[in-house]
Amino acid sequence: MDIKMNKDTMELLSIISGIVEGEPELLNARENEIYLRLSETGFEDATPALAERKFSLIGLFCAEAFEKKSGFTLFYVFKQAGRAPVLVLVREAGKEKKVTSVAGTFPSASWFEREIRDGFGLEFAGALDTRRLFLHECYPEGFHPLQKAFKNGPIRWAEAPSTEYRFRQVKGEGVYQIPVGPVHAGIIEPGHFRFSVIGEPIFSLEIRLFYKHRGIEKLAEGKSPSKCVALAEAVSGDESMANATGFCMAVEQVCGINVPERAESLRAIMLELERIYSLLGDLAGMAVDVGFALVASPFFILREEVFRQNEKLTGSRFLRGINTPGGLKKDIPDSLLKGLPAFLKKFSRAFESAFDRAMSSSSLIDRFATTGIIKKELVSPLNLTGPIARASGCPADTRLDRPYGAYKEFAPEPSVRKRGDVFSRFEVKTNEIRASVNLILRLAEKLPQGPIFAESTGYAGQNLREANNPGATGYSLALVEAPRGQNLHWVYLKNGLVDRYKVRTASFCNWQAIEHAVLGNIVPDFPVINKSLNLSYAGTDL
Amino acid sequence: MVNPLSLFLRKKVTETFEFRDEELEALGTEIKKEIPKVFGHSLAIRELDSGSDNSTEIEISNLGNPHYDVERFGISFVASPRHADVLMVTGAVTLNMAGAVKKTYEAMPSPKFVVAVGDDACDGGIYKGSYAVLGGVDKILPVDMKIPGNPPSPKEILKGLVVLMKQASKEVKTGV
């Protein structure tokens, strides 16, 4: 196979060559990703050295029967802040049922390893936590849905399981537990929070999620990419556009499809519209959680206006059903886009007035400031991304670090704060809304004319009926900056059909920060801390 | 002493919000008329997510935003199932949530109604055939009304509630 390398990927290769003995096996490389297969000893030498060089583990997933291998293949995705390409170390577990854990070096691996253990039955020696993750007690022992041997369908499950989940125990004088959820008091998604408190302050919090595990990754297997877009949209409703785009990008990279410029620009406009309505929900929610309806209402009004704008442009309030590998299913006519600048101008006026009102309230600032601090030191080990990381002093933004689509030409204005508290997140999110408005205006002004769909596609979708098109085989990884942070999509196509789809949303990693953010805060501040992080349950539980 | 008349004559305290949707107003008037035929004066709804993609939650909570503001029609969303007349369920009922769904339903006082909101709640939708879900909400609870959509818009949800109340008032009358 002819593998094209560029300066960036060569550099990553030389880093690894410098660490491990013997040449690593180069499996694949593209503009922004390089896959190296290492021996077990090579792998064990490489991981601590990568940690020393400040690489973060941004993804870890497994595939069975990858390429010509039998058994399990593990993919460790590393990224260095500010460097565009990702380094993927490929580790063959083969028929082994046990490999060593890297969670001691890269704490973000802990949930990843538990996820793989549930999905594939692979054990990790020396893991920090060996409890099940997405398979709750109702699932039978020995059930591993992502193994190829399991054909999707109803299973025998226990309606009233006899075992209980072991929560972390905190004992001591005056310590008591508050269990909350999975059903919460409000219109929100389910999850369980186990607080251990001493009086009012929170001494420890353990979260338990995955109540909404719907089996998205298994459902994707065997489907054509164009059919999978709806699944990507269902990962997390308010990130429909980001996830559909991420999935499509991965497929387009595998198939070597060049998306027309107009489609790229329209995608970026929609991604920014999604960011605006999503972040507006956070701001409104934060105001609600400190009992300040006067600020929440204008944000809610604006959010509804954006939903209506979305519907006008695409026919869907959640921007669904328009993305497809190769571009867009339909164009957004210029006659509709023409109204966008005037809408955004009016939007900005109302937004600034709501923002000023929020900032003129000392009680709101008092509740936000110094509450729910996330320290910068946590960002890389837990792989925190998005506004959360940017409010804690880390400027990382996929649109800037690893620009894709129209972001290669149109960069958003970055916003960074250092304190890491609720107030910083409020500020960063308001700035990001402003930046998105500007970005849309710039994109709309220079919107190219032309087609919105790439004509030749190598996957089994539109061209399925053409008998001489065998469909593409290959794999690729896409990173997109969703409103909540960086989402990772990895697609492995076999003969044009999805053989493995791995999606890791920003929330999957960001959730783990909440256990740190609440420490020492009082229980009544939990809702506003939670809202300031606004994590997706659906996007984590899959 | 404040002259009580001045309270009526002075300008409104709230800012003007220029938005009016006649269809929505008509729906609201209609449901306000139907609710007392079944319940006291208002309808208390408990929302329950049994495994949705969160877009349906967003649309249900949008019913409370200033554009819709359904509380003025006598509809409120309550925190406890013990206070609820209607259980609004979203999502395809995951195995991990099935137990909690049942417990929530059982905690509600009778008479009670179950409404499935969104395609996945109606019949499993996109998750049909997955090991991780049971399918529609009717696999586990008696469902009185299905509101399809991916997700249904706030107005569609309100329309569904109007139909539910009409259906229920008929049942009350005939004693079914």
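**Reading a predicted two-chain model**

Reader: In which strand does D499(A) lie?

Author: D499(A) belongs to strand 15 of chain A, residues 497-504. Strands (E, at least two residues) and helices (H or I, at least four) are DSSP runs, numbered from the N terminus. This is a predicted model, in which local features need pLDDT of at least 70 and side-chain atom pairs count only at pLDDT 80 or more, while totals for chains, interfaces and linings use all residues. Residues are numbered from 1 along each chain as its sequence is written, chains are lettered from A and ligands numbered from 1 in the order in which they are written, and side-chain values use heavy atoms, with hydrogens and water left out.

Reader: Is D499(A) buried or exposed?

Author: Buried means under 20% relative accessible area, exposed means over 50%, and partly exposed lies in between (1.4 Å probe, protein chains only). D499(A) has a relative accessible area of 14%, so this residue is buried.

Reader: Which residues does D499(A) touch?

Author: Contact means heavy atoms within 4.5 Å. Not counting residues up to four places away in sequence, D499(A) touches E64(A), K148(A), E221(A), Y492(A), L493(A) and K494(A).

Reader: How many aromatic pairs does the structure hold?

Author: Rings of Phe, Tyr and Trp (its six-membered ring) pair if their centres lie within 6.5 Å; planes under 30 degrees apart are stacked, over 60 edge-to-face, and the rest tilted. Over all chains there are 39 aromatic pairs. In one of them, F61(A) and W490(A), the ring centres are 4.8 Å apart and the planes stand at 35 degrees, so the pair is tilted. F61(A) is in strand 3 (residues 55-64) and W490(A) in strand 14 (residues 485-494) of chain A, so this pair ties together parts that are 429 residues apart in sequence. Both F61(A) and W490(A) are buried. For F210(A) and F508(A), the centres are 6.2 Å apart and the planes at 70 degrees, so that pair is edge-to-face. F61(A) and W490(A) also belong to a cluster linked by ring pairs, together with Y35(A), F66(A), F75(A), Y475(A) and Y492(A).

Reader: Which residue lies over the face of Y165(A)?

Author: A charge sits over a ring if NZ of Lys or CZ of Arg is within 6 Å of the ring centre and within 35 degrees of the ring normal. R208(A) lies over the face of Y165(A), 3.7 Å from the ring centre. Likewise, the charged end of R434(A) sits over the ring of F355(A), at 4.5 Å from its centre.

Reader: How many disulfides does the structure hold?

Author: A disulfide is a covalent bond between the sulfur atoms of two cysteines. The rule asks for a pair of cysteine sulfur atoms within 2.5 Å, and the structure holds 0 disulfides over all chains. C62(A), for example, has its nearest cysteine sulfur, that of C509(A), 17 Å away. C62(A) is at 0% relative accessibility and therefore counts as buried.

Reader: What area is buried between chain B and chain A?

Author: Buried area is the accessible area (1.4 Å probe) that two parts lose on being put together, summed over both. Here it is about 3800 Å², of which carbon and sulfur atoms give 59%. The contact takes 45 residues from chain B and 50 residues from chain A. In chain B, L95(B), N96(B) and Y131(B) lose the most area to chain A, together 21% of what that side buries.

Reader: How many salt bridges are found across the interface?

Author: A salt bridge has a side-chain nitrogen of Lys or Arg within 4 Å of a carboxyl oxygen of Asp or Glu. The rule finds 4 across the interface of chain B and chain A. E159(A) and K102(B) meet in a salt bridge, at 2.8 Å from N to O.
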